[in-house]
Each structure stands twice: as C-alpha cells, then as structure tokens.
Amino acid sequence: MGFLAGKTAIITGAGRAVLSDGSCGSIGYGIATAYAKEGANLVITGRNIEKLNAAKEELESKYSIKVLAVQADICAGADNETIAKNTVKKAIDEFGRIDVLINNAQASASGITLAEHTTEQFNLALYSGLYATFYYMKACYPYLCETKGSVINFASGAGISGNFGQCSYAAAKEGIRGLSRVAATEWSKDGINVNIICPLAWTAQLEQFKSKFPEAYEKNVKTPPMGYFANPETEIGRVCVQLASPDFKYMTGETLTLQGGTGLRP
C-alpha cells in the first residue's frame with residue numbers, strides 16, 4: 001500500500017472512460033486510478049452517474065479502497081456553492097478528512113471564434129471550470145487546513161498559447177491559474193500547497209475525434225515533440241500523486257506543462 005493509504009482525495013470529473021484497447025481514457029479517471037494504487041480513498045464527481053458508478057466499481061474491486069461517487073454539475077443557474085458544500089460534507093461524513101483536492105472537471109464549446117461565442121457558451125466554460133474550482137476550494141479549505149493538504153488544479157496550454165477557437169476555455173483556464181496562485185500565497189501559512197497542471201493526454205474523446213473526423217484531426221491535432229500523447233494515468237495521474245507527497249510540499253503556485261514539449265513553444 002502506498003503513502004496515501006488512509007487519506008482522502010476529491011477528484012472532479014473522474015467518471016470512467018476507456019480507450020478502444022480498454023486502457024484508461026480520461027485524465028480524471030487516470031488520476032483516480034493513480035491515487036487508488038497509492039491506497040487513497042476517493043470522492044469522485046461528475047455529471048454522468050453511470051460513469052461514476054462504473055469507476056467506483058472498478059477501482060474498489062481492483063485496489064481495495066473505498067470510493068464515494070457524487071453526481072454534481074456546477075453550471076449557470078444552479079446553487080453551485082451548495083452543490084460543492086454538499087459534496088464536501090458527504091466526503092467528511094464518509095471518510096472524516098480531506099487530504100487532496102484535484103479540480104479537473106471542465107466543459108467548453110471549442111472551435112467557435114470569440115466573435116461568434118454566445119454568452120451561454122462562455123458561461124459553460126466559466127461555471128464548469130473556474131467557478132467549480134473556486135467553490136470546491138472554499139468548501140475544502142477548513143479540512144485541508146487540518147491535514148496540511150494539497151490542491152492540484154487543471155489549466156491548459158490553450159490559455160497560455162491562446163489557441164484559436166477556444167476563447168471561453170482559455171479564459172476559464174487562465175482564471176484557474178490566477179486563482180491558484182493567489183491561493184498559494186494566502187494558504188501557505190496553513191501548510192496547504194497549491195499547484196497547476198496543463199496536460200496533453202491521449203483520451204477517449206481524442207480517439208473518437210480521430211476516428212470520426214480523420215481530416216480535421218490531421219489538420220488540427222499536432223503530435224508533441226516527444227512523439228506521443230501522455231498516458232492519463234502514468235504520465236498525468238502519477239504527477240498528481242507526487243504533488244501530494246511530502247517531497248513536493250515546498251513547491252506551490254507553480255504551473256507544470258505536461259505537454260511532451262509543446263509547453264516550450266512560444
């Protein structure tokens with residue numbers, strides 16, 4: 001059993017997704033798998049309860065940990081602060097502690113230019129990403145103080161580089177980066193470190209896009225300098241594990257571009 005045995009991690013957007021070969025097919029599920037292998041009990045959230053229950057069943061049976069699956073959708077018009085607070089309350093009622101918060105969930109309307117973006121499309125990205133991160137961080141703060149825990153938030157190279165057709169997604173992700181850096185400053189005194197990851201991984205969604213739209217894929221998706229896309233579990237999830245370890249406690253407010261060299265480009 002790993003160093004996270006007996007500890008609790010909340011991971012948003014962690015429903016089960018698999019590639020055509022049966023391997024892990026989403027970043028959230030990859031992180032959940034990496035944490036389960038280290039012995040952590042998990043609270044996983046998402047919009048699709050079937051995917052959450054499938055993740056719970058597989059992770060519990062394979063790794064002898066406990067998983068609490070909570071359907072939660074942070075979106076425009078909802079009582080989002082209450083949704084986040086209720087999720088955190090369920091985590092405390094079930095496990096009694098929170099050691100790690102990982103804000104991975106994000107929805108967006110990509111491929112639509114700024115001039116054509118609607119308010120609804122902009123809100124989709126801001127609420128599912130930036131507001132969700134804000135509310136979960138606030139709700140978890142008292143419990144992270146108790147455990148001297150860690151926060152790992154997900155941003156994107158789309159915001160750093162200004163990708164075409166991703167204005168709302170980039171805005172949400174850069175907002176998350178700013179929020180995280182402020183939290184790193186304010187929460188250091190509490191023993192909480194806060195870091196950001198910008199990932200580039202091979203996912204089920206990307207695999208399906210390549211299969212359904214091969215010409216669009218060839219034109220728009222560029223293989224990183226490393227020559228391949230990251231594995232969600234071993235090359236993204238494992239970094240999330242390390243960021244919660246004592247070895248990385250002094251690192252806070254940093255952005256890690258796990259993009260196979262793409263993050264080095266101007």
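Which residues in H1 are buried? Ile27, Gly28, Tyr29, Gly30, Ile31, Ala32, Thr33, Ala34, Tyr35 and Ala36 are, where buried means under 20% relative accessible area, exposed means over 50%, and partly exposed is what lies in between (1.4 Å probe, protein chains only). Before going on, keep in mind that this is a predicted model, where local features need pLDDT of at least 70, side-chain atom pairs count only at pLDDT 80 or more, and totals for chains, interfaces and linings use all residues. Residues are numbered from 1 along each chain as its sequence is written, and side-chain values use heavy atoms, with hydrogens and water left out.

Let's stay with H1 for a moment. This helix covers residues 27–37 and is mostly covered itself, with ten of its eleven residues buried. The names follow a simple scheme: helices (H or I, at least four residues) and strands (E, at least two) are DSSP runs, numbered from the N terminus. After H1 comes Gly39, with a positive phi near 90°.

Now for how helices sit together. Two packed helices are described by the angle between their axes and the distance between the axes. Here, axes are lines fitted to C-alpha atoms, for helices over the stretch in contact, and angles run from 0 to 180 degrees between N-to-C directions. H1 and helix H2 (residues 49–63) have axes that come within 10 Å and cross at roughly 25°. The crossing of H1 and H2 is right-handed, that is, the near helix is turned clockwise from the far one by less than a right angle, with anticlockwise being left-handed.

H4 and H6 make another pair. Their axes come within 7 Å and cross at roughly 15°, so H4 and H6 are roughly parallel to each other too. The crossing of H4 and H6 is right-handed.

Rolling a probe the size of a water molecule over the atoms shows where empty space is left. On a 1 Å grid over the protein atoms alone, a cavity is a set of points where a 1.4 Å probe fits but cannot get out, and lining residues have an atom within 4 Å of a point. Grid points are joined across faces, edges and corners, and a volume is the space filled by probe spheres set on the points. The count comes to one cavity of 30 Å³ or more, and the largest cavity has a volume of about 30 Å³. Its lining includes Thr12, Asn103, Gln106, Phe154 and Lys173. Helix H4 (119–147) and helix H6 (167–187) each supply at least two lining residues, and H4 gives the largest share, three residues.

Finally, a few single residues. Val151 sits in strand E5 (residues 150–154), and at 1% relative accessibility Val151 counts as buried. Most residues other than glycine have a negative phi. Ser64, not a glycine, has a positive phi of about 55°; Ser64 lies in the loop between H2 and strand E3 (67–71) and counts as exposed at 64% relative accessibility. Lys148 is not a glycine either, and has a positive phi of about 55°. You'll find Lys148 in the loop between H4 and E5, partly exposed at 49% relative accessibility.

How values were computed: On a 1 Å grid over the protein atoms alone, a cavity is a set of points where a 1.4 Å probe fits but cannot get out, and a pocket is an open set with protein on both sides within 12 Å along at least five of seven lines; lining residues have an atom within 4 Å of a point. Angles under 35 degrees count as roughly parallel, over 145 as roughly antiparallel, 65 to 115 as roughly perpendicular and the rest as oblique.
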